[in-house]
Amino acid sequence: LDIPVKVYDPLLDENNMNRLQAEAIQFASLPEVFDCAAVSLHVPLTSKGSHATANLIERSLLARLTSTATFINACRGGVVNEPDLIECLNNNPGIFVALDVWNSEPLVNAELLSRANIATPHMAGYSKRAKAGATQMLLQQFRSNFLQVNNLN
């Protein structure tokens, strides 16, 4: 697609770095990645070690997003500090936000949900029972928030 790509991955080994650089992928610091037009997160949720990811994405990084940036989190809830993301959106309402994960899954931050351009229920790897329960929760919310508002009951 001829789109410039920047990557931040402090755990990437030299062989993989060389391979990616050969594909014209540029390595950058985490703050530099947040200067890009689109940021997509792909990390596990960890709270220990020198590269912990819990609340990794916070106010100072989010403030670097341009007013027309796209921000995608489909990796793990807890990686993004949700109150800081809400504050960022208050300051830059033009940022396009797509979220598939939430800090308190299966419950979601209602204020952040209302601000997201795309919001999906993170269901990867759930059991059949969990998927059925999440589907029931979505149906209940749909009925209470959409059908009643539009008098479609």
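Rings of Phe, Tyr and Trp (for Trp, its six-membered ring) pair if their centres lie within 6.5 Å, and planes under 30 degrees apart count as stacked, over 60 as edge-to-face and the rest as tilted. The model shown is predicted, so that local features need pLDDT of at least 70 and side-chain atom pairs pLDDT 80 or more, while totals for chains, interfaces and linings use all residues. Residues are numbered from 1 along each chain as its sequence is written, and side-chain values use heavy atoms, with hydrogens and water left out.

**View 1. The aromatic pair of F34 and F71.** By the ring rule, the count comes to one aromatic pair. F34 and F71 form this tilted pair, with 6.2 Å centre to centre and 40 degrees between the planes. Because F34 lies in the loop between α2 and β3 and F71 in strand β4 (residues 70-73), the pair ties together parts that are 37 residues apart in sequence; strands (E, at least two residues) and helices (H or I, at least four) are DSSP runs, numbered from the N terminus. F34 is buried at 1% relative accessibility, and F71 is buried at 0%, where buried means under 20% relative accessible area, exposed over 50% and partly exposed in between (1.4 Å probe, protein chains only).

**View 2. Surroundings of L41.** Leaving aside neighbours within four places in sequence, L41 is in contact (heavy atoms within 4.5 Å) with F34, I57, F71, I72, N73, A74, C75, V79 and V80.

**View 3. N55 in the loop between β3 and α3.** Phi of N55 is near 55 degrees, a positive value in a residue other than glycine. N55 counts as partly exposed, at 41% relative accessibility.
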